[in-house]
Amino acid sequence: MREVTIVGGGLAGCEAAWQLADRGFRVRLCEMRPETPTGAHKTDRLAEIVCSNSFKSTLLDTASGLLKAEMEVLGCRLLGVARDSAVPAGHALGIDRELFSGGVTARIETHPNIRVERTRIDSLDLPTPAIIATGPLTGDALSAALVAHCTRDHLYFYDAIAPSVDGDSVDPSVGYWASRYGKGDADYLNIPFDKEQYQKLVEFVRGAEYVQSHAFEEEKYFEACLPIEVLVARGEDTLRFGPMKPRGLPDPRTGRDPYAVLQLRKESREGSLMGLVGFQTRMTWACQKELLRMLPGCSDVSVLRFGTIHRNIFLDIPSLCAPYLQDRARPGLHYAGQISGVEGYVESIMSAIVVALSITAAAEGRPMPPIPRATMIGSLMDYVHTPRKNFQPMNANFGLMPTQGNGGRRSRKVRHDEVSTAALAAMESYRAENDWLFPAPQSLPNFA
Ligand SMILES: Cc1cc2nc3c(=O)[nH]c(=O)nc-3n(C[C@H](O)[C@H](O)[C@H](O)COP(=O)(O)OP(=O)(O)OC[C@H]3O[C@@H](n4cnc5c(N)ncnc54)[C@H](O)[C@@H]3O)c2cc1C
């Protein structure tokens with residue numbers, strides 16, 4: 001009987017469990033919540049989304065759009081639930097967090113081949129095959145076991161969460177609904193700032209109080225997700241060239257791009273929960289309250305979730321693992337999700353599909369067919385398996401791809417379209433040539 005143990009019922013753990021269970025594996029999925037909470041999860045649900053509710057762009061000329069399209073070719077399960085839980089978000093795949101995690105939990109808990117155990121795992125001594133998918137907030141004891149097992153120090157950086165507010169408590173007349181460059185529907189409430197308002201905001205961020213990190217820890221952040229205070233420390237205008245960028249968002253009342261813009265994105269279907277796009281911060285809650293109340297149209301704003309900051313661990317995959325994400329020293333032990341050197345919700349889910357394919361191939365006694373390098377998934381896997389001095393987690397981007405499209409004077413969009421078309425064709429061929437890796441769903445009775 002083919003059995004697999006998966007530690008961590010987050011995004012990666014659930015995708016891997018569902019993939020393998022559909023291939024006839026008996027899956028034991030161990031999740032430590034609610035008995036042992038993490039600093040960021042709020043519920044006992046599986047596949048809980050801890051921060052932004054965006055799975056990013058669906059456009060094929062974007063790296064995230066291409067990544068999702070390739071994952072669809074490989075039969076991604078969680079993207080189906082994400083689409084069913086979608087909220088309007090322009091060309092992005094925005095999701096209602098509760099519908100999403102509720103949908104995944106129901107599918108996993110009722111799958112005949114999956115048994116969910118609410119238990120914390122503290123050691124790497126597991127029956128194989130096994131997958132560690134415990135995420136950036138891995139439990140302390142398992143984290144220590146990983147440190148002891150790794151050849152390098154445990155690696156970490158900080159990840160911050162942006163605040164969310166009650167949409168009904170924001171005065172919509174101060175802003176206007178639009179998506180950047182008119183792409184997709186007008187799903188963002190844009191609050192325009194003039195120069196004076198913007199400078200006041202920057203001054204406040206500079207003078208606010210912040211939650212301190214431990215004295216022994218260096219403050220390291222993921223470059224694509226910097227807290228607003230770090231951006232402000234880099235310069236007066238950094239914020240308005242970053243998350244408060246006004247380009248492509250002309251105010252219909254003036255016909256001009258404002259000096260700066262704060263975007264609010266719906267995080268629930270009704271729009272009652274709205275997130276401040278890119279406003280992640282480690283400001284104290286008292287200061288956040290003050291900051292939010294001084295924003296235009298927000299004098300009576302009700303804060304539903306404050307921004308916070310968390311230490312986010314990952315492993316030095318190039319030294320630890322052979323392709324695909326398999327521990328060199330412990331054959332049969334795999335890593336998936338954020339600890340496996342990828343960064344982001346969608347990337348974490350992607351890594352779980354790759355590990356599920358690799359375990360399937362091993363169970364069939366066949367080598368795992370290499371994922372084409374010309375694809376975004378192949379490129380991300382190449383990145384995590386290439387030794388480098390200062391290994392850092394990576395999210396999908398076109399810079400990882402072996403070709404950037406024929407350059408010349410053509411626009412970036414045209415070049416990216418070309419790369420994406422070739423990548424998707426390569427992924428479709430991969431699936432067609434290796435159809436034995438993608439059997440029709442099989443179920444075994446009486447496991448749960
Ligand atoms: C504070 C913060 C904010 C983030 N914001 C974003 C964002 O806005 N956008 C984005 O794309 N990505 C974001 N990320 C990064 C990352 O994409 C997410 O953390 C994502 O959920 C990672 O998926 P995962 O499956 O690896 O981990 P998770 O989804 O965290 O799942 C891991 C699961 O393992 C469980 N677990 C941990 N240890 C044990 C154990 N010892 N035994 C049993 N169970 C255990 C946890 O309870 C959890 O349910 C953020 C990360 C953090 C920490």
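How do the residues of the shell around the ligand divide into nonpolar, polar and charged? The shell holds 15 nonpolar, 17 polar and four charged residues, where Ala, Val, Leu, Ile, Met, Phe, Trp, Tyr, Cys and Pro count as nonpolar, Asp, Glu, Lys and Arg as charged, and the others, Gly among them, as polar. The structure is a predicted model, in which local features need pLDDT of at least 70 and side-chain atom pairs count only at pLDDT 80 or more, while totals for chains, interfaces and linings use all residues. Residues are numbered from 1 along each chain as its sequence is written.

**Overall architecture**

- The protein contains 12 helices and 18 strands, which are DSSP runs numbered from the N terminus, with helices (H or I) of at least four residues and strands (E) of at least two.
- The radius of gyration, taken over C-alpha atoms, is 22 Å, close to the 22 Å that the globule rule (2.2 Å times the number of residues to the power 0.38) gives for 448 residues, so the protein is as compact as a globular protein of that length.
- Along the principal axes of the protein, the C-alpha trace spans about 65 × 50 × 45 Å.
- Of the 448 residues, 48% count as buried, a class that requires 20 or more other C-beta atoms within 10 Å of the residue's own, with 12 or fewer making a residue exposed, values in between making it partly exposed, and C-beta atoms placed from the backbone.
- Among contacts with a separation of 6 or more, 71% are made by residues 24 or more positions apart; two residues are in contact if their C-beta atoms, placed from the backbone, lie within 7 Å.

**Domains**

- The protein is divided into domain 1 (3-154 + 314-437) and domain 2 (164-307), with bounds that come from an automatic or database domain assignment.
- The centres of the two domains, taken over C-alpha atoms, are separated by 29 Å.
- Contact between the domains involves 14 residues of domain 1 and 14 residues of domain 2, and the side of domain 1 that touches domain 2 consists of four nonpolar, seven polar and three charged residues.

**Ligand shell**

- The ligand is surrounded by 36 residues, of which the closest are Gly8, Gly10, Gly135, Gly139 and Gly337; a residue is near a molecule or strand if its C-beta atom, placed from the backbone, lies within 6 Å of it.
- Two or more shell residues come from each of α1 (11-22), β15 (309-314) and α10 (345-363), and α1 gives the most, with three residues.

**Covered helices α2 and α11**

- Nine of the 11 residues of α2 are buried, so this helix is largely enclosed by the rest of the structure.
- The buried residues of α2 are Ala63, Ser64, Gly65, Leu66, Leu67, Lys68, Glu70, Met71 and Val73, and what covers them includes β3, α3 (78-84), α10, α11 and α12.
- Helix α2 is followed by Gly75, whose phi is positive, near 80 degrees.
- Helix α11 (residues 376-384) is mostly covered, with eight of its nine residues buried, namely Met376, Ile377, Gly378, Ser379, Leu380, Met381, Tyr383 and Val384.
- The cover over the buried residues of α11 includes α2 (63-73), α9 (317-320), α10 and α12 (412-433).

**A three-stranded open sheet**

- Strands in the order β3-β5-β4 form an open sheet with antiparallel pairing, where two strands pair if DSSP finds at least two bridges between them.
- The edge strands, each pairing on one side only, are β3 (54-57) and β4 (86-87).
- Strand β5 (residues 92-95) runs antiparallel to β3 and is joined to it by two bridges, and the bridge partner of Ser57 in β5 is Ala92.

**Backbone geometry**

- Most residues other than glycine have a negative phi, and most peptide bonds are trans.
- A cis peptide bond, with omega about 5 degrees, joins Arg33 and Pro34, and Pro34 lies in the loop between β2 (26-30) and β3.
- The peptide bond from Pro323 to Tyr324 is also cis, with omega near -10 degrees, and Tyr324 lies in the loop between β16 (321-322) and β17 (326-327).
- Ala47, a residue other than glycine, has a positive phi near 50 degrees; Ala47 lies in the loop between β2 and β3 and is buried, with 27 other C-beta atoms within 10 Å.
- Lys56 has a positive phi of about 65 degrees although it is not a glycine; Lys56 is found in strand β3 and is buried, with 23 other C-beta atoms within 10 Å.
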